[in-house]
Amino acid sequence: MQKPIPVGLIGLGRHGSRYLRHLIEEETGGKLIAISRQHIDEGRRQAKSHCVRFFPDYRDLIADPAIQAVLVVAPAALNSQIGLDAIAHRKAVLIEKPLALNCRKGENLVDAATQAGVPLMTGHTLRYEPVIRKVRDMSSSLGALLSLHGTMHLEERLEIPGSKESDLGVLLEFGIHLLDWVRLMIPDEPLTVAATIMRSSPHAPETHANITLTTRSGLSCHLDIARVRTKRVTHIEVFGSN
């Protein structure tokens with residue numbers, strides 16, 4: 001039986017706390033041995049509670065030779081630098097989505113990991129949901145895919161004081177799951193992309209996005225992503241020639 005991989009967790013906010021719970025309570029193949037977060041007093045308390053080490057500076061956690069893999073669950077704007085630092089120390093890296101805030105930074109991460117020969121993964125959890133996996137398994141029986149429709153509406157939430165998550169619009173915060181689902185399903189590259197974006201004010205993050213993608217083979221994909229007052233829903237439809 002393979003020994004659990006020694007893991008360090010960077011970031012224990014809204015999503016990071018969920019990672020901490022999974023690592024502590026479930027069999028994941030990883031063993032949490034260290035954490036790092038910006039709130040030092042709370043970090044020390046959590047480390048003591050779970051019998052792990054605490055590093056006020058994430059770079060010291062990454063440099064620890066006992067750690068083989070790093071989970072990055074920090075504000076999205078910090079993902080690129082933390083990821084590059086971990087790759088430079090030849091640590092396997094899992095970054096909670098989004099991988100980066102733009103294509104250039106994302107490509108830099110992928111290139112660095114490829115050159116270093118270390119695993120790099122983004123936390124696109126939707127593709128591992130049983131329903132999504134079943135739909136993908138069934139897609140070959142549908143004949144040629146004709147269209148995909150995806151809806152993801154999440155309730156408006158109270159902002160955490162000092163949180164940087166509110167800087168993200170719906171596309172990077174959670175709509176990226178549907179974008180990843182489309183890339184998982186389609187047989188070829190998107191040829192055209194059109195989007196209608198809605199914001200509460202000109203400089204605010206987007207609260208609603210309607211997106212249409214078409215591929216070279218003529219497959220049409222429609223996505224509806226929004227913050228709503230009530231009634232969370234994630235809904236997908238796949239249409240094939242059969």
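The legends below describe views of a predicted protein model.

Residues are numbered from 1 along each chain as its sequence is written. In this predicted model, local features need pLDDT of at least 70 and side-chain atom pairs count only at pLDDT 80 or more, while totals for chains, interfaces and linings use all residues, and side-chain values rest on heavy atoms, with hydrogens and water left out.

**View 1. The protein chain as a whole.** The chain holds seven helices and eleven strands, which are DSSP runs (H or I of at least four residues for helices, E of at least two for strands) numbered from the N terminus. Its radius of gyration, taken over C-alpha atoms, is 20 Å, close to the 18 Å that the globule rule (2.2 Å times the number of residues to the power 0.38) gives for 242 residues, so the chain is as compact as a globular protein of that length.

**View 2. The largest nonpolar core.** Such a core is a set of buried Ala, Val, Leu, Ile, Met, Phe, Trp, Tyr and Cys residues joined through side-chain atoms within 4.5 Å, where buried means under 20% relative accessible area with a 1.4 Å probe, protein chains only. Among its 23 residues, Leu178, Trp181, Cys221, Leu223 and Ile225 touch the most other members. Elements giving two or more residues include strand 7 (145–155) and strand 10 (220–228), and helix 7 gives the most, with seven.

**View 3. The surroundings of Trp181.** Leaving aside neighbours within four places in sequence, tryptophan 181 is in contact (heavy atoms within 4.5 Å) with residues including Leu126, Ile132, Leu148 and Leu223.

Methods. Buried means under 20% relative accessible area, exposed over 50%, partly exposed in between (1.4 Å probe, protein chains only).
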